[in-house]
Amino acid sequence: MKSKINKTKQKHVLLKSYSKFQQIEQAIKAIKTTDNSNLQISIIGKFDEDHLDDANPLIALEENMEKKCKALFKNAIDFGILSNPDIGTIFITGFLVSLFLQEIELKKIGTMLTGPYGILRGLGIDKKPAFTYLKALHQGEYLVIFRGFENDLKQLEETIN
């Protein structure tokens, strides 16, 4: 009997940071015009708690952001909210929600001090870019993580740049 080696394509990730949510909406709109059905997308953002008052509680912000994120995609997507001691209150949507909300010893990975960093490193992102993107998140930028095959990500970069 002969053995056969099957080669499988490995998925890669591409990270982008955006200062405004409208930029994400434009990027997703541009992606929809392409035939990129193998692409997975997650968005991570920080709630700006400095601008909260009694008339605009965090719950209203959370509901509004969840609606905005879900409106970007034609299929249902997951949405989660958690509080990280280093970053603050963050939301996450898309394929990474379950990973951020996964519990280890009754604590969600995303709520651990090094949780988001560990998740980015586990996706294959090098140390320096992982720190850079988490710093951007901490400063209020949105992170968008695209996961797909290498040729799809190259095409994506051309589409959203």
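This is a predicted model: local features need pLDDT of at least 70, side-chain atom pairs count only at pLDDT 80 or more; totals for chains, interfaces and linings use all residues.

Reader: What is the volume of the largest pocket, and which residues are closest to its centre?

Author: The volume of the largest pocket is about 550 Å³. It is lined by 18 residues, and those closest to the centre are Leu39, Ile41, Phe73, Lys74 and Asn75. Two elements give two or more residues to the lining, namely helix H1 (21-32) and strand E2 (40-46).

Reader: How do the residues of that lining divide into nonpolar, polar and charged?

Author: Nine are nonpolar, six are polar and three are charged.

Reader: Let us turn to the fold. How many helices and strands does the protein have, and which pattern do they follow along the sequence?

Author: There are six helices and seven strands. Read along the sequence, their order is β-α-β-α-β-β-α-β-β-α-α-β-α. Among contacts in the protein with a separation of 6 or more, 67% join residues 24 or more positions apart.

Reader: What share of the residues counts as buried?

Author: Of the 161 residues, 38% count as buried. The accessible surface of the protein is about 10300 Å², and carbon and sulfur atoms account for 48% of that surface.

Reader: Which residues touch the most other members of the largest nonpolar core?

Author: A nonpolar core is read as a set of buried nonpolar side chains joined to one another. The largest one here has 24 residues, and those that touch the most other members are Ile24, Ile41, Ile43, Met65, Phe91, Phe146 and Leu156. Two or more residues come from each of strand E1 (11-18), H1, E2, H2, strand E7 (142-149) and helix H6 (150-160). The largest share, five residues, is from H1. A second, separate core has 19 residues, including Ile90, Ile109, Leu120 and Leu137.

Reader: With which residues is Phe146 in contact, leaving aside its neighbours within four places in sequence?

Author: With that exclusion, Phe146 is in contact with His12, Val13, Leu14, Lys16, Ile31, Leu39, Gln40, Ile41, Leu153, Leu156 and Ile160.

Reader: Where is Phe47 found, and why does it count as buried?

Author: Phe47 is in the loop between E2 and helix H2 (58-71). Phe47 counts as buried because its relative accessibility is 4%. In sequence, Phe47 and Thr89 are 42 residues apart, yet their C-alpha atoms are 5.7 Å apart in space.

Reader: Which residues of helix H4 are buried, and against which elements do they pack?

Author: In an α-helix there are 3.6 residues a turn, so residues three or four places apart point the same way. In H4 (residues 115-122), the buried residues are Gly115, Pro116, Tyr117, Ile119 and Leu120. They pack against E1, strand E3 (79-84), helix H3 (97-101) and helix H5 (127-138). Just after H4, Gly124 has a positive phi of about 100°.

Reader: Which phi values do Glu105 and Leu106 take?

Author: Most residues other than glycine have a negative phi. Glu105, however, has a positive phi near 50°, and Leu106 has a positive phi near 65°. Glu105 lies in the loop between strand E5 (103-104) and strand E6 (107-108), and Leu106 is in the loop between E5 and E6. Glu105 is exposed, with a relative accessible area of 79%, and Leu106 counts as exposed at 79% relative accessibility.

Reader: How exposed is Lys108, and what does it contact?

Author: Lys108, in strand E6, is partly exposed, with a relative accessible area of 32%. Leaving aside neighbours within four places in sequence, Lys108 is in contact with Phe100, Leu101, Gln102 and Glu103. The C-alpha atoms of Lys108 and Asn84 are separated by 9.7 Å, and these residues are 24 residues apart along the chain.

Technical notes:
Residues are numbered from 1 along each chain as its sequence is written. Side-chain values use heavy atoms; hydrogens and water are left out. On a 1 Å grid over the protein atoms alone, a cavity is a set of points where a 1.4 Å probe fits but cannot get out, and a pocket is an open set with protein on both sides within 12 Å along at least five of seven lines; lining residues have an atom within 4 Å of a point. Grid points are joined across faces, edges and corners, and a volume is the space filled by probe spheres set on the points. Helices (H or I, at least four residues) and strands (E, at least two) are DSSP runs, numbered from the N terminus. Ala, Val, Leu, Ile, Met, Phe, Trp, Tyr, Cys and Pro count as nonpolar, Asp, Glu, Lys and Arg as charged, and the others, Gly among them, as polar. Buried means under 20% relative accessible area, exposed over 50%, partly exposed in between (1.4 Å probe, protein chains only). Contact means heavy atoms within 4.5 Å. Accessible areas come from the Shrake-Rupley method with a 1.4 Å probe; for residues, only the protein chains shown count as cover. A nonpolar core is a set of buried Ala, Val, Leu, Ile, Met, Phe, Trp, Tyr and Cys residues joined through side-chain atoms within 4.5 Å.
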